[in-house]
Amino acid sequence: MRHFPFARFVLSALTGLAVAGSLAGPLTAQAASPETTEPAKAEPQKRETLDTLFDDLTRQRDADEAKRIADRIWSRWRDSGSATGNLLLQWADKAIAEKKHALALDLLDQITVLLPDFSEGWNRRATLHYIMGNHDLSMSDINQVLRLEPRHFGALAGMAAIFGADGNDELALKAWERMLDVYPSNREAQKKVGEISDKLAGSRT
């Protein structure tokens, strides 16, 4: 079994990070009425921030609806806030799809240098390293993703996949369980937790 230099971080990340899920205050609008000086009351509206989306994701028990929320979160993650960064990410995705891994790696390297606080740049590079079989480098990038966004369920799934491929079932289980803390209705994580739990239980009997 291989050992990762980030095991200490992984253990603390999986056991010590809390999900930030506070709701933003509702927005209210007021309009003056020509008949009265009393302000008109509008229906309160929830501002859809990442925090509110994650709160909804944590509460949602319908898998299909939860996936729609997760897709909206992915949409937020994919936006670097930079036109250059977004274009580089599109080019990198295209290169990965076409299996031009060297080109994709060069593009993602540029993103992480230009936008070091853009978690999805690190996550994409972690994914590419995993595809290329570079598990240590992938785990290093996952480390950075989770420092920037501890709720990144995509990175947690990647972490679980690496530990699973390495045969470290206990850490794989912890990663999947951490993912379920963030995204309880994810069917793949539910399935993996059940399978690994049964496997570990069987090995102890």
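Where is S185 found? Select S185: it is in the loop between α9 and α10. Helices here are DSSP runs of H or I with at least four residues, strands are runs of E with at least two, and both are numbered from the N terminus.

Two notes before you go on. This is a predicted model, where local features need pLDDT of at least 70 and side-chain atom pairs count only at pLDDT 80 or more, while totals for chains, interfaces and linings use all residues. Residues are numbered from 1 along each chain as its sequence is written, and side-chain values use heavy atoms, with hydrogens and water left out.

**Stop 1**

Buried means under 20% relative accessible area, exposed means over 50%, and partly exposed is in between, with a 1.4 Å probe and protein chains only. Now show what surrounds S185. Leaving aside neighbours within four places in sequence, S185 is in contact with Q60, R61, D62, A63, A66 and Q190. Contact means heavy atoms within 4.5 Å.

Next, select Y183, which lies in the loop between α9 and α10. Y183 counts as buried because its relative accessibility is 6%. Beyond four places in sequence, Y183 touches L57, A66, K67, A70 and F153. Y183 and I69 are 114 residues apart along the chain, and their C-alpha atoms are separated by 10.0 Å.

**Stop 1: the aromatic rings**

How many aromatic pairs does a search of the whole structure find? The search finds six. Rings of Phe, Tyr and Trp (its six-membered ring) pair if their centres lie within 6.5 Å; planes under 30 degrees apart count as stacked, over 60 as edge-to-face and the rest as tilted.

Select W74 and F153. They form an edge-to-face pair, 5.7 Å centre to centre with 90° between the planes. The pair links distant parts of the chain: W74 is in helix α3 (residues 63-78), F153 is in helix α8 (residues 153-165), and they are 79 residues apart. W74 is partly exposed at 21% relative accessible area. F153 counts as buried, at 3%.

F54, W74, W77, F153 and Y183 form one aromatic cluster.

**Stop 2: the nonpolar core**

Nonpolar side chains tend to be buried together in soluble globular proteins. A nonpolar core is a set of buried Ala, Val, Leu, Ile, Met, Phe, Trp, Tyr and Cys residues joined through side-chain atoms within 4.5 Å. The largest one has 34 residues, and L57, I73 and F153 have the most contacts inside it. Colour α9 next: it gives this core its largest share, eight residues.

Then select L57. Apart from neighbours within four places in sequence, L57 is in contact with A66, I69, A70, I73, F153, V182, Y183 and P184. Another core lies apart from the largest one; it has 11 residues, among them L88, I96, L108 and F118.

**Stop 3: down α10**

Select α10. It has 18 residues and reaches 26 Å from its first C-alpha to its last. That is close to the expected 26 Å, which is 1.5 Å times one less than the number of residues.

Which residues of α10 are buried? Highlight A189, V193, I196 and L200.

Finish at the start of α10. There, a side-chain oxygen of N186 reaches to within 3.2 Å of the backbone nitrogen of E188.

Conventions. A polar contact is a pair of N or O atoms within 3.5 Å; within protein, one must be able to donate a hydrogen and the other to accept it, and residues adjacent in sequence count only if both atoms are side-chain atoms.
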